[in-house]
Amino acid sequence: MTAAPAQARYLQCAPFAREVSGIDLHGNADTWWGQAAGRYARGATPQAGAVMAFKATRAMPVGHVAMVSQVVSDREVLLTHANWSHRGGIERNVRAVDVSAAGDWSVVRVWYAGVGGLGTSSYPLAGFIYAGKSPTPAADAELPPLTIATLAVAPVAGTLPAAD
């Protein structure tokens, strides 16, 4: 019998976000932003279906990820996520508000069941990872090597084979 790690006993945010968003990233939430580079489009504007990627903090050492279920306004969204208010619990369509001074979604407050409203803590964001959108390669991007099959006669030991 194999023992599972203690944290595997509860639903975690990353596997839940992967399931509901379709964004196929693995590992701790604080690694998703970096992993998404080159695989998914990323940005600072919330969109329904995108994953909001929280940075790691002392209180949240492995970060957090949540799916944006609806954009309410330019400073408010609804989130669907796991393992936030209750260990392993799922919350659907809860408020998150941009509280950054610049209005750029770099810092948010999120609804917390313990207070029945927006929590009192602010959390830094890495940004949003957009589902189903891979980045468009730059026109000058280096292309990978390509092998093309051919039926042409190739030299053998420096000479061409004799024709029949």
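Residues are numbered from 1 along each chain as its sequence is written, and side-chain values use heavy atoms, with hydrogens and water left out. Because the model is predicted, local features need pLDDT of at least 70 and side-chain atom pairs count only at pLDDT 80 or more, while totals for chains, interfaces and linings use all residues. The mean pLDDT (the predictor's confidence in each residue, from 0 to 100) of the chain is 85. Of its residues, 75% reach 70 or more. Over residues 1-7, pLDDT stays under 50. For this segment the model has one contact (heavy atoms within 4.5 Å) beyond four places in sequence.

One joins the side chains of Asp-98 and Arg-75, at 3.0 Å from N to O. This pair links distant parts of the chain, 23 residues apart. Asp-98 lies in strand S5 (residues 90-98), and Arg-75 in the loop between strand S3 (64-73) and strand S4 (76-82). Strands (E, at least two residues) are DSSP runs, numbered from the N terminus. Asp-98 is buried (under 20% relative accessible area; exposed is over 50%, partly exposed in between; 1.4 Å probe, protein chains only), at 3%. Arg-75 is partly exposed, at 31%.

The side chains of Arg-95 and Glu-76 also form a salt bridge, at 2.8 Å from N to O. Here too, distant parts of the chain are linked: Arg-95 belongs to strand S5 and Glu-76 to strand S4, 19 residues apart. Arg-95 is partly exposed, with a relative accessible area of 36%. Glu-76 is buried, at 18%.

Technical notes. A salt bridge is a side-chain nitrogen of Lys or Arg within 4 Å of a carboxyl oxygen of Asp or Glu. Helices (H or I, at least four residues) and strands (E, at least two) are DSSP runs, numbered from the N terminus.
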